[in-house]
Amino acid sequence: MDRRRMTAIGVLVAAAGLTAAVTVPSFAGEEPRRAAPAAGGVAPEVLDAMGRDLALTRDQAVARLRTERWAAGTVTRLRGELGAGYGGSWLSEDGATLTVAVADPAGEARVRAAGAVPKRVSRGVAELDAVKTRLDAAGAEASPDVAGWYVDVAGNAVVVIARPGAEADGRRFAAAAGSKAGMVRVRTADEAPRPLFDVRGGDAYLINNAGRCSVGFSVVGGFVTAGHCGRPGDRTTGSNRVAQGTFAASSFPGDDWAFVRVNADWTPQGVITDFADGGTVAVNGSTEAPVGASICRSGSTTGTRCGLIQAKNATVNYAEGTVTGLTRTNV
């Protein structure tokens, strides 16, 4: 590996379907080490992975990504126009229809005019976020059998995930946080979240010549990675055993991020490692995608894999504490 090249992709903190990631709907633009991507500017390996994991043809994958880009812009505009009446948004399973929930019937016409389908709900998403914030504040009181909680915009409620047989723990946790009746529901799922260091999007590195993590994405002066990987002062080396940098800041639990400042031997690059052929794919930016949008990751063990965004503003309850503000997917 060229020690002066650092590749990058969004950090993945996998926890039974939970990821904290920068969502990049398409990897567009020229790739440093091969020809430009085909089919609508989307990298071929992404289209292949979407075809395998989402049962789409290449044309269907390109069309879906085009709709998702439109949906992202439409939701941003409608959220501002609807204000407190905005109840959340999501794409249909086939990615063809954008639904926007409205707590104020006066907003339905705006949603239709934007090309989306309105759905009347009882609560705006701000009210649901406030409920989840109270649960986050009480997170230390959650039983280990409570795997997490998130805002379910399609169900217009906050969902608490409890392991089988621990549903009563989930209800007690919701009640202790002062949640109003009907605003929180408990879902049973056999989930036991834990940080996974071997789910990699970018180049691997070692912490204090022992633990192994991976680059999240490049920033000026270094890179962002998962907070559970190290603490300020911890030293990193590349997979080539060359001294790389030092953890300058780290946060975990609560959230899960860290910044590693690299030395002069390393140059951050805005690219992602393509583990299929050893090349790289350019990163041209990021955008927030709606619930129901497709999301893909690239890893050295499993290659490129895709799934769908299931929920925003999710919380995972690790043994070390809760991590909030995550995106839930089925990748």
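Colleague: How many nonpolar, polar and charged residues does the lining of the largest pocket have?

Modeller: The lining of the largest pocket has 9 nonpolar, 4 polar and 4 charged residues. Here Ala, Val, Leu, Ile, Met, Phe, Trp, Tyr, Cys and Pro count as nonpolar, Asp, Glu, Lys and Arg as charged, and the others, Gly among them, as polar. Please note that this is a predicted model, in which local features need pLDDT of at least 70 and side-chain atom pairs count only at pLDDT 80 or more, while totals for chains, interfaces and linings use all residues. Residues are numbered from 1 along each chain as its sequence is written, and side-chain values use heavy atoms, with hydrogens and water left out.

Colleague: Which residues lie nearest the centre of the largest pocket?

Modeller: Val 75, Arg 79, Tyr 86, Glu 288 and Lys 312 lie nearest the centre, out of 17 lining residues. A pocket is an open set of points on a 1 Å grid over the protein atoms alone, where a 1.4 Å probe fits, with protein on both sides within 12 Å along at least five of seven lines; lining residues have an atom within 4 Å of a point.

Colleague: Which element gives the most to that lining?

Modeller: Helix 2 does, with 4 residues. Helices (H or I, at least four residues) and strands (E, at least two) are DSSP runs, numbered from the N terminus.

Colleague: How much space lies in the largest pocket?

Modeller: About 350 Å³. The volume is the space filled by probe spheres set on the grid points, which are joined across faces, edges and corners.

Colleague: Changing topic, how many disulfides does the structure hold?

Modeller: The structure holds 2 disulfides, a disulfide being a pair of cysteine sulfur atoms within 2.5 Å. Cys 213 and Cys 229 form a disulfide with their sulfur atoms 2.0 Å apart. Another joins Cys 296 to Cys 306, at 2.1 Å from S to S.

Colleague: Where do Cys 296 and Cys 306 lie?

Modeller: Cys 296 is in strand 17 (residues 294–299) and Cys 306 in strand 18, so the pair ties together parts that are 10 residues apart in sequence.

Colleague: Is the Cys 296 and Cys 306 disulfide left-handed or right-handed, and why?

Modeller: The disulfide is right-handed, because the torsion about its S-S bond is about 105°. For Cys 213 and Cys 229 the torsion is about -90°, so that disulfide is left-handed.

Colleague: Is Cys 306 buried or exposed?

Modeller: Cys 306 is buried, with a relative accessible area of 6%. Buried means under 20% relative accessible area, exposed over 50%, and partly exposed in between (1.4 Å probe, protein chains only). Cys 296 is buried at 16%, and Cys 213 and Cys 229 are buried too.
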